[in-house]
Amino acid sequence: MRLLLLAPPGAGKGTQGERLARRFGVPHIAAGDLLRAEARGATPRGRQVAAYQERGDLVPDEIVFDVLTPAVVEAAARGGYILDGFPRTLPQATGAAEVGVRLGVTLDAAVYLSAPDTVLTRRLLARASQGGRTDDTADVIRHRLQLFARATGPLVAYYQKRGILVAVGADQPPESVTAEILARLSDVPLATASDVPPGREGPAAP
Ligand code: AMP
């Protein structure tokens, strides 16, 4: 199973990513988590990533690819992944597709979770009140939602054109969202480890 989750902040892609990863027995690769881990490192690059994340801005593509490619390449060789929060822009999507061509792997589905901004904002503010993330403040949430619409929104049409978009409403309980995703994926032909071309089983250089 090679799947990506396309969703605005607060739509529950972390929760759904974990559930789908467990269900399909593949790693859940969360771009935000890997970048937060990078930001915790006391390196110039870590400090740079932290600054982008705190403002709710997108981390530059070069850093995103450096941080994510090794994890994606390794997971692809082992049978798949649930990619959460990457790609997030058209240049990232075309860059990721090129890596896929090099590895001889293609995406099975792009799951798009959507919900009204009012619902997303309410959920994120609730997460903030429970000691959530530093980027869950009202101003930064507004900025992240606008950025999603502007930078990530075009990916919906991009994956629709490629015939792999699965759109699911996220304004319902998490169990119902998972059930709907699984029902919709039951029609999708899924990749297995044996789909990886011979000679590409091991982690390759990105
Ligand atoms: P998330 O955990 O998915 O909400 O992501 C948190 C933050 O990490 C975002 O607001 C961005 O600053 C950064 N981030 C996550 N994924 C990406 C990506 N694909 N490209 C650029 N920045 C990202």
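In the predicted model, a nitrogen atom of the ligand lies 3.0 Å from a polar backbone atom of V59. The backbone of G85 is also involved, with one of its polar atoms 2.9 Å from a ligand nitrogen. From R88, by contrast, it is a polar side-chain atom that is placed 2.9 Å from a nitrogen atom of the ligand. The protein buries 96% of the 480 Å² that the ligand exposes when taken alone. Around the ligand there are 16 residues, of which K13, Q53, D57, G85 and Q92 come nearest.

K13 also takes part in a polar contact within the protein, its side chain being 3.3 Å from that of D84. D84 is located in strand β3 and counts as buried because its relative accessibility is 4%, below the 20% limit for that class. Beyond residues up to four places away in sequence, D84 touches L5, K13, G14, H28, I29, A30 and A31. The loop that joins β3 to α5 contains P87, and the peptide bond from F86 to P87 is cis, with omega near 0°. In general, most peptide bonds are trans.

When neighbours within four places in sequence are set aside, Y52 is in contact with D57, L58, V59 and P60. Y52 has a relative accessible area of 22% and is therefore partly exposed. Its C-alpha atom is separated by 15 Å from that of L145, a residue 93 positions away along the chain.

The largest nonpolar core comprises 33 residues, and the members that touch the most others are L4, L6, I29, Y81, L83, Y159 and L165. At least two residues of this core are supplied by each of β1, α2 (31-40), α3 (44-55), α4 (61-77), β3 (81-84), α5, β4 and α8. The greatest contribution is that of α4, with eight residues. Another core lies apart from it and consists of 25 residues, including I82, I141, V168 and L185. In soluble globular proteins, nonpolar side chains tend to be buried together.

Helix α8 (residues 154-161) has L155, V156 and Y159 as its buried residues. Viewed down the axis of α8, these residues fall within an arc of 110°, so they line one face of the helix. An α-helix has 3.6 residues a turn, so residues three or four places apart point the same way. The exposed residues Q160 and K161 are carried on the face of α8 turned away from the buried side. Packing of the buried residues of α8 is against β1 (2-6), α5 (90-103), β4 (109-114), α7 (138-152) and β5 (165-169).

Contacts of L165 link several of these elements of the description. With neighbours within four places in sequence left aside, L165 is in contact with L6, A110, Y112, V156, Y159 and Q160. Just after α8, G163 adopts a positive phi of about 75°. Most residues other than glycine have a negative phi.

How values were computed
Residues are numbered from 1 along each chain as its sequence is written. This is a predicted model: local features need pLDDT of at least 70, side-chain atom pairs count only at pLDDT 80 or more; totals for chains, interfaces and linings use all residues. Side-chain values use heavy atoms; hydrogens and water are left out. Buried means under 20% relative accessible area, exposed over 50%, partly exposed in between (1.4 Å probe, protein chains only). Helices (H or I, at least four residues) and strands (E, at least two) are DSSP runs, numbered from the N terminus. The arc is that of the directions from the helix axis to the C-beta atoms. Contact means heavy atoms within 4.5 Å. A nonpolar core is a set of buried Ala, Val, Leu, Ile, Met, Phe, Trp, Tyr and Cys residues joined through side-chain atoms within 4.5 Å. A residue is near a molecule or strand if one of its heavy atoms lies within 4 Å of it. A polar contact is a pair of N or O atoms within 3.5 Å; within protein, one must be able to donate a hydrogen and the other to accept it, and residues adjacent in sequence count only if both atoms are side-chain atoms. Accessible areas come from the Shrake-Rupley method with a 1.4 Å probe; for residues, only the protein chains shown count as cover.
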